[in-house]
Amino acid sequence: MAGDLTPGQVRRWDASAIQQVFQVVKNRDGTYKDFGDTLGSVQQQLSDWDGEAGDAFHQEMGHHRAHIDSQGRVSSGIAAAVEQAETDVNACKAELAAITEAAAKYRWEIPDGVWMVDYVHNPNDPDGALHPLEQRLAALKVKATSADHELAQAMHYACGHVQLDSHGHEAAPEPPAAPAPAPAAGDYHPLTAEQLQQIVPSLTPMPRS
Amino acid sequence: MADPLNVDPVAVHCGGNHVASAVQDAAVAFARYEADLVEAASGWMGQSAQALAEFITAVSERHAADHAAAAALSEKMIEAATQYAGTDAEGAQRVAAIADAMGL
């Protein structure tokens with residue numbers, strides 16, 4: 001699937017770099033809070049400034065403060081996703097290292113570019129180890145891709161939070177990306193009326209009373 | 001008719017300088033954050049790396065926009081203070097003295 005990570009990318013993935021970005025976003029929040037506080041104290045000192053110019057000043061200052069204050073809250077929207085991503089990245093790297101080590105016992109390799117066990121140097125599999133390793137690798141690919149996707153969603157949310165629209169107004173960010181737990185078997189998902197009608201075309205919706 | 005003098009022009013001038021100083025401090029911090037984000041990006045992979053690149057672009061644009069807006073506000077405040085002071089000789093002298101003391 002397009003957008004899937006490769007084993008090489010999982011090897012180069014750096015959980016500390018994810019934490020580093022989060023720390024920058026937190027520090028940036030702090031700078032914006034300080035900036036907003038400064039503007040607030042200046043406005044407070046000039047609270048008796050009225051008249052046409054004073055009103056214009058207070059209106060403009062209020063507008064700026066709204067923009068500045070909104071930027072002091074970016075990190076909280078991505079904190080959970082970042083924490084989960086760090087855990088997932090470390091787990092994926094550890095699992096890939098373990099699979100690589102297990103494969104090396106048979107002189108098999110996990111190439112950087114493809115999710116496969118390369119057994120060209122030793123086609124013999126006396127212990128039946130190949131298939132379990134391939135299964136672990138396939139599961140790892142799914143986990144790594146999912147972790148990457150969740151983190152990307154969180155950063156898209158953060159992106160929406162800092163962007164201004166073409167009129168210079170705050171662009172409404174997408175809802176925060178909560179780490180989506182895998183649906184458990186047996187989860188109930190009610191059908192919509194449209195889906196039900198596709199399954200049983202003879203059904204007609206009841207008129208609303 | 002011009003507004004009556006509703007505020008101390010020195011206070012407005014000082015407020016404008018205070019905002020200008022905060023703008024400069026924030027600009028230094030913003031530049032550092034942008035550099036730190038670019039540095040960290042090398043450890044990111046896949047779709048999230050692409051999303052981070054978009055975030056860095058958005059952050060840089062936002063920093064520039066907020067910097068420009070706050071800088072313009074501080075300039076307007078200082079300009080307003082000067083105009084107020086122009087109607088008040090004593091105020092003008094006080095503003096000039098403050099500005100001189102600040103090396104402006």
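Is A:Asp69 buried, partly exposed or exposed, and at what relative accessibility? A:Asp69 counts as partly exposed, at 30% relative accessibility. The notes below start from this residue. The model is predicted.

1. **A pair within helix H3.** A:Asp69 has a charged partner. Its side chain meets that of A:Arg65 in a salt bridge, at 3.7 Å from N to O. Both residues sit in helix H3 of chain A. They are 4 residues apart, so about one helical turn separates them. A:Arg65 is partly exposed too, at 23% relative accessibility.

2. **Salt bridges overall.** Side chains of opposite charge can pair when their charged atoms come close. Over all chains, the count is 7 salt bridges. Two further examples follow.

3. **A link across chain A.** A:Arg11 and A:Asp112 form a salt bridge, with 2.7 Å between the closest N and O atoms. A:Arg11 belongs to helix H1 (residues 7–12), while A:Asp112 lies in the loop between helix H4 (74–104) and helix H5 (130–162). The pair therefore ties together parts of chain A that are 101 residues apart in sequence. A:Asp112 is partly exposed, with a relative accessible area of 46%. A:Arg11 is also partly exposed, and its value is 31%.

4. **A link between chains.** A:Glu60 forms a salt bridge with B:Lys76. Their closest N and O atoms are 3.0 Å apart. A:Glu60 lies in helix H3 of chain A and B:Lys76 in helix H2 (residues 46–86) of chain B, so this pair joins two chains. A:Glu60 is partly exposed, with a relative accessible area of 22%. B:Lys76 is partly exposed as well, at 43%.

5. **A buried valine.** A:Val42 is in helix H2 of chain A. Its relative accessible area is 1%, so A:Val42 is buried; the cut-off is under 20%. From A:Val42 to A:Met61 is 19 residues in sequence and 9.5 Å in space, C-alpha to C-alpha.

6. **A negative patch.** Which residues gather in a patch of negative charge on the surface? They are A:Asp48, A:Asp50, A:Glu52 and A:Asp55. A:Asp50 lies in the loop between helix H2 (15–45) and helix H3 (51–70) of chain A. A:Asp50 counts as partly exposed because its relative accessibility is 38%.

Notes:
Residues are numbered from 1 along each chain as its sequence is written. Chains are lettered from A and ligands numbered from 1 in the order in which they are written. This is a predicted model: local features need pLDDT of at least 70, side-chain atom pairs count only at pLDDT 80 or more; totals for chains, interfaces and linings use all residues. Side-chain values use heavy atoms; hydrogens and water are left out. Patches are made of residues with over 30% relative accessible area and no salt bridge: like charges are joined within 9 Å, nonpolar side chains (Val, Leu, Ile, Met, Phe, Trp, Tyr) within 5 Å. Accessible areas come from the Shrake-Rupley method with a 1.4 Å probe; for residues, only the protein chains shown count as cover. A salt bridge is a side-chain nitrogen of Lys or Arg within 4 Å of a carboxyl oxygen of Asp or Glu. Lys and Arg count as positive and Asp and Glu as negative; His and the chain ends are not counted. The place of a charge is taken as NZ of Lys, CZ of Arg, CG of Asp or CD of Glu. Buried means under 20% relative accessible area, exposed over 50%, partly exposed in between (1.4 Å probe, protein chains only).
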